[in-house]
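I opened my notebook today to look up aromatic rings and their neighbours. Here are my entries, in the order I made them.

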Amino acid sequence: QFSRTGGFAGIKLQWEVDLDTSPRPIARAVQRLVENSKFFELPAECRQPRPDQFQYLVAVEHEGRRHQVRADESALPENLRPLVERLLELARQQSGGAA
C-alpha cells in the first residue's frame, strides 16, 4: 500500500497492489527496492512536520510479516526515497497521471 497526502493542495494519491498478480517487471523492481531500502528495519514513524509538505505511508506484507512506515517529506530516509519515488510514479500512472 502506498499513499501520499498533504502538500499545498492537499490532494491524496494512493495505490495498492498485489505484486503476485502484477506484471513481472514491475513486481521485480518493487521487490528489489523494498529489499534495498531495508524496509522491515525502518522505524514506523519518520516525522518532521512542516507546512505544505507531503506525508507518505508505505505498507508492505511479505512472507507473513507486515510493516508500515509513515514519513514526512523532510524526514524521508534516503534508503526509502527510491522506493517512494517508484511507488509515486506507479500511483500516478494508475490515476491517469493526475497529482
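Which residue lies over the face of Phe 40? I found that Arg 65 does, at 4.0 Å from the ring centre. I call a charge over a ring when NZ of Lys or CZ of Arg is within 6 Å of the ring centre and within 35 degrees of the ring normal.

A note on ground rules: this is a predicted model, where local features need pLDDT of at least 70, side-chain atom pairs count only at pLDDT 80 or more, and totals for chains, interfaces and linings use all residues. Residues are numbered from 1 along each chain as its sequence is written, and side-chain values use heavy atoms, with hydrogens and water left out.

Next I searched the whole structure for aromatic pairs and got three. Rings of Phe, Tyr and Trp (its six-membered ring) pair if their centres lie within 6.5 Å; planes under 30 degrees apart count as stacked, over 60 as edge-to-face and the rest as tilted. Phe 39 and Phe 40 are edge-to-face, because their planes stand at 90°, with the ring centres 5.7 Å apart.

I then checked accessibility (buried is under 20% relative accessible area, exposed over 50%, partly exposed in between, with a 1.4 Å probe and protein chains only). Phe 39 is buried at 1%, while Phe 40 is partly exposed at 23%.

Phe 54 and Tyr 56 make a tilted pair, 6.4 Å centre to centre with 50° between the planes. Phe 54 is partly exposed at 22%, and Tyr 56 is buried at 8%. Ring pairs also bring in Phe 2, giving a cluster of Phe 2, Phe 54 and Tyr 56.

Last entry: Arg 4 lies over the face of Phe 54, at 4.0 Å from the ring centre.
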